Amino acid sequence: MARRASVSVRTIRHIEHGQVKTPRRETLTRIAEVVGWRPADPPDEPASAPDTGPAAQEIRVLGPLAVLSADRPVPLPSKQRALLGLLAVQPDRTVSHEEIADVLWNGEAPPSYPQLVHTHVARLRRIVEPSAGAAAATVRRISTVRGGYVFNSTDVRLDLCRFEDRVALARRTVTHEPLVALDLYGQALHCWQGRLLHDLPQLWHHPSVVRVAQRHIDVAIESADLALRLDRPGFAVEHLRTASYEEPLHEPLQARIMLALAGSGRRAAALQLFAELRTRLKEELDVEPGDDIRRARETVLRGGGAPEQRVLSAIPAPRSPRSRMSGPPPRAGTAGPVHPAAAPAGRSPSIGAPAQLPLVPAPFTGRAGQLTALDHALLRRHGGHGSPGIAVVHGPADIGKSALVVRWAHHRLAEFPDGQLYASLQGSMDPEQRTVTPCTVVTGFIRSLGVRDDWIPDTPHEVTALFRSLLAGRRFLVVLDDVETASEVRCLLPGTPGNAVVATSRSPLADLETREGAHSLGLGALTAEEAHELIVTHLGAERTAAEPGAAEELAAVCGRLPLPLRRAVTELAATPSGSLAGLAADLARTAPPRPDGPHPAP
């Protein structure tokens with residue numbers, strides 16, 4: 001019976017002879033289940049009653065190991081600390097001599113380890129055994145059993161036992177009194193003061209320690225699901241954060257933290273957590289976030305209805321044992337399962353990754369050196385820099401800045417699988433005629449990423465923060481065309497590496513290069529070879545060769561600028577009887593002198 005109930009024979013004998021005044025409820029429940037008797041829950045026990053009793057000694061394992069006698073810490077030698085941690089994390093269960101030796105000597109126990117283990121246990125008993133009264137004669141804190149030792153949890157305040165007792169009571173209460181159960185979960189989780197046996201790293205990978213640590217995470221998730229169903233997201237955040245210290249990459253746990261943050265009105269923090277987790281998963285495990293994390297992120301971005309309804313639709317049904325039992329559905333207002341069919345309507349439809357790049361001017365010729373330079377600016381992202389890649393393509397009007405950037409971006413789509421964002425800031429227009437501002441641009445970007453209007457913040461600073469949170473840990477390309485000042489670009493920059501920003505401007509935006517490390521790429525006229533290639537592309541090699549000197553003359557009249565030259569040859573291509581020499585002569589007579597002079601190719 002002792003083996004089936006997972007308690008020691010000595011514990012059963014002490015209870016049988018009445019030598020234990022206040023046996024633990026969990027121990028009695030296990031024994032009762034073995035003999036086939038089901039005790040009723042005591043109706044008069046207050047759910048939140050604190051632990052009481054005559055025990056003057058307290059042992060804590062849910063954090064750094066600590067022994068307190070009359071609320072004063074008791075010092076322990078290192079071997080005794082490891083021994084007590086191993087025993088106390090498995091209360092009322094037999095721990096073998098071999099298991100103890102493996103921990104005390106790190107798998108290299110000496111041949112005489114049985115005698116040495118007995119010596120260390122004797123020394124530990126002198127510290128933790130009751131020292132006075134009848135208890136000293138009848139109850140041993142550490143009992144000797146066949147093959148090992150047992151830590152008896154009776155008449156001692158052990159935080160692990162309190163944790164388990166509160167959890168068991170919460171589970172019995174959750175169906176009919178969910179708010180009381182939530183308080184009990186809180187009492188249980190407050191027992192944790194850090195990582196289990198924080199100061200005993202040699203025990204961290206022991207199976208019993210791993211089991212208790214996983215129990216902490218399971219209870220934290222169970223409690224969080226209940227808190228979110230009862231619209232208490234702040235309660236969930238507090239305890240989930242503590243549990244996440246042991247398993248920072250535990251995705252179901254992190255998903256609940258995201259939902260709890262969003263339910264508390266901290267959407268930007270939830271999205272930032274997603275970005276940080278995605279980065280760590282990629283860097284440490286080379287994997288992308290799983291379904292739990294992605295569902296939580298979609299809920300944060302696209303949920304409809306009240307905040308608590310958005311959260312309810314994303315969390316699974318409770319996983320407590322009661323959820324697997326048959327019975328009537330829960331009453332309204334209780335913490336029963338929320339099924340997808342009950343989720344509110346009005347969600348934003350799921351949309352794909354944004355792909356906002358305009359068409360590439362066809363045919364596109366030349367600029368091979370500049371395309372390579374943009375590649376180099378992009379590759380800086382992978383060289384250990386902690387910032388996104390930024391490039392500014394600058395030059396006078398009609399030089400082909402936008403065509404170059406769009407051409408480069410279309411040929412680098414695979415580098416930015418999360419999407420491409422594009423906007424023209426109308427920097428070359430009269431200020432009174434402009435229809436966009438950096439704020440309207442970033443707001444449009446956020447909408448294209450699936451965020452509803454009622455979730456977009458009111459202030460420009462918060463809008464920019466949300467934009468950066470959405471892009472953090474991901475790989476987006478942002479193309480900002482026709483920019484006038486560096487400040488317009490600055491408020492549209494992502495905050496993390498992996499993203500890239502390419503801007504075009506008539507000025508170099510030197511301040512952006514100085515402060516943000518942007519790569520500056522000045523764009524000049526086409527080379528003679530590139531201008532000739534453009535003419536051949538539109539008119540054909542035979543027609544161009546028929547007037548060998550006229551092609552160079554036409555290119556020179558157009559200043560070898562891509563746009564004027566393209567307009568000219570497109571017009572000539574539509575007139576089969578026209579000649580290159582005649583068109584060049586007409587343009588030379590009618591074209592006004594260029595105020596900004598020639599623009600040699602770099």
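Rings of Phe, Tyr and Trp (its six-membered ring) count as a pair when their centres lie within 6.5 Å; planes under 30 degrees apart are stacked, over 60 edge-to-face, and the rest tilted. That rule gives 2 aromatic pairs here.

Before the views, some housekeeping. This is a predicted model, so to speak of local features takes pLDDT of at least 70 and side-chain atom pairs count only at pLDDT 80 or more, while totals for chains, interfaces and linings use all residues. Residues are numbered from 1 along each chain as its sequence is written, and side-chain values use heavy atoms, with hydrogens and water left out.

View 1. Phenylalanine 163 belongs to helix H8 (residues 159–173), while tryptophan 192 is in the loop between helix H9 (178–189) and helix H10 (207–229), so to say 29 residues apart. Helices here are DSSP runs (H or I, at least four residues) and strands are too (E, at least two), numbered from the N terminus.

**View 2. Two arginines sit over aromatic rings.** Arginine 195 lies over the face of tryptophan 204, 3.8 Å from the ring centre. Arginine 297 has its charged end over the ring of phenylalanine 274, at 5.1 Å from the centre. The cut-off: NZ of Lys or CZ of Arg within 6 Å of the ring centre and within 35 degrees of the ring normal.

**View 3. Three strands make an open antiparallel sheet, in the order E4-E6-E5.** Strands E4 (94–96) and E5 (142–145) are the edges, each pairing on one side only. Neighbouring strands are turned by 35° against each other on average, direction ignored. E5 and strand E6 (residues 148–151) pair over 4 bridges; pairing takes at least two DSSP bridges. Look for serine 143 opposite valine 150 in E6.

**View 4. Helices H4 and H6 lie against that sheet.** Helix H4 (residues 78–88) touches E4, E5 and E6, and its direction makes about 70° with that of E6. Helix H6 (residues 113–128) lies across E5 and E6, at about 150° to E5. Axes are lines fitted to C-alpha atoms, for helices over the stretch in contact, and angles run from 0 to 180 degrees between N-to-C directions. Contact means heavy atoms within 4.5 Å.

**View 5. The largest nonpolar core has 111 residues.** Leu84, Phe163 and Leu480 have the most contacts inside it, and H10 gives the most to this core, with 10 residues. A core is a set of buried Ala, Val, Leu, Ile, Met, Phe, Trp, Tyr and Cys residues joined through side-chain atoms within 4.5 Å. Not counting residues up to four places away in sequence, leucine 84 touches Ile59, Leu65, Val67, Leu76, Leu124, Val128 and Phe151. Apart from this core lies another, of 22 residues, including Val393 and Phe416.

**View 6. Leucine 374 is buried in helix H16 (residues 368–379).** Leucine 374 counts as buried because its relative accessibility is 1%. Leaving out residues up to four places away in sequence, leucine 374 touches Ala391, Val393, Leu404, Trp408, Val502 and Leu521. The C-alpha atoms of leucine 374 and histidine 519 are separated by 8.6 Å, though 145 residues apart along the chain.

Note on methods:
Buried < 20%, exposed > 50% of the residue type's maximum accessible area, 1.4 Å probe, protein only.
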